[in-house]
Amino acid sequence: MRSSAPKENELEVSVFGPGFGECLVVHLGAGEWMVVDSCLDASTHQPVALTYLADLGIDVATAVKLVVVTHWHDDHMRGAARVLHACAGARFVCSGALANAQFLGLVASEEIVQQKDDHGAGVSEFAEIVEELRRRGGRSPSSGPEWARADQDVFYRPAASSLPEAHVRSLSPSAATMTVGFKSLQQPRVGTTRKALVSPEPNDTAVVLRVRVGEVSALLGADLETGNDPGRGWLGVIGAGIGPVVKSELYKVAHHGSKSADHEAIWSTLLDASPLAVLTPFVNGSVQLPRDSDVDRITRVARRLLATSTPRPIAPPPRDAAVERTMREVTKSRRVRTGRMGHIRVRHDGRHWREELFGAAFDMSAAR
Ligand SMILES: [Zn+2]
């Protein structure tokens, strides 16, 4: 049953995606939850995390401990401010690479908030988040997000009687990423666009999380890309080598399965042999991720690859001849509208993994 809540000792990672958008809802055990990124359900226009947790009968105001926005891209931010508002007891965590005066000034600027361009939705979403945090902090000048960086514990709960220990650690952004961000902001170019103002690219600043509940662990790759600087991107995460190496059995594949976000060492150093891989596709105009070659590459190293929906627009189903004729007369081209929400739910009860697929979600590895 989709609406049955996990047991107190169970880790759950639920992944939601409608084709453009990503949201993760994570049960940390003990009835405590974390929401990572946000997207909207196309039919209800509600943040999917809130709808799902309400279905489970969870009181989000007390049960959600952490709301994380991994990076500043529309497909990961829609409805994030509403999620934070509803989750009144949650801390808000975002990338430390955004912690600078220019970024907060940008967010606070009414004029820019009202503009809509490629960063429009993200800016207004972030401005609402900052405003929500200000309200909570009694308008204290120091109220604001918590800034995640590499090798930082963003959540910890010790084991208690029958309840497992829980641990959420951010593995990025690296110090080098933050340095590059500060340097680029010190030299604003003439005619600077908002895109340049938030350089480095949002994906480079993404917060990768490692969640551990009891003995099991999941790696949540956000949209972090590999790059070619050994101190940044996935190379920075792999090379950091700080603390004990924990290998995860579940991987939320980075950046919708894109090759630019993959590296052999992610699988050999951060993941267990043949882990379960889950992803959300990214469909935006001609950009469709993952590609067939990405699916081939990932299924070679993963036990299974589950996706929340298809990355390809699907051909429409055949209809009655008369209907077909009319539709051909009145339209130039047709395809099934993508955007149907899919939900992958993975739970671990301390002994076994259990995977369930809802809505548009499907097993990409079985389809090969
Ligand atoms: Zn994305």
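## Basis and overall make-up

Residues are numbered from 1 along each chain as its sequence is written. In this predicted model, local features need pLDDT of at least 70, side-chain atom pairs count only at pLDDT 80 or more, and totals for chains, interfaces and linings use all residues.

The protein chain has 13 helices and 18 strands. These are DSSP runs numbered from the N terminus: helices are H or I, at least four residues, and strands are E, at least two. Of the 368 residues, 44% are buried (20 or more other C-beta atoms within 10 Å of a residue's own, with C-beta atoms placed from the backbone).

## The eight-stranded sheet

An open, mixed sheet runs β7-β8-β9-β10-β11-β12-β15-β18. Two strands pair if DSSP finds at least two bridges between them. β7 (152–157) and β18 (362–363) are the edges; each has a single partner strand, so one side of each lacks a neighbour in the sheet.

β7 pairs antiparallel with β8 (residues 166–170) over five bridges. Phenylalanine 155 sits opposite valine 168 in β8.

Helix α1 spans residues 48–55. Its buried residues are Val48, Ala49, Leu50, Tyr52 and Leu53. They pack against β1 (11–17), β2 (23–27), β3 (33–36), α2 (60–63) and α4 (80–86). Glycine 57 follows α1, with a positive phi near 80 degrees.

Beyond its neighbours within four places in sequence, valine 35 is in contact with Val25, Ala49, Val64, Val67, Val83 and Cys87 (contact: C-beta atoms, placed from the backbone, within 7 Å).

Key
Two residues are in contact if their C-beta atoms, placed from the backbone, lie within 7 Å. A residue is buried if 20 or more other C-beta atoms lie within 10 Å of its own, exposed if 12 or fewer, and partly exposed in between; C-beta atoms are placed from the backbone.
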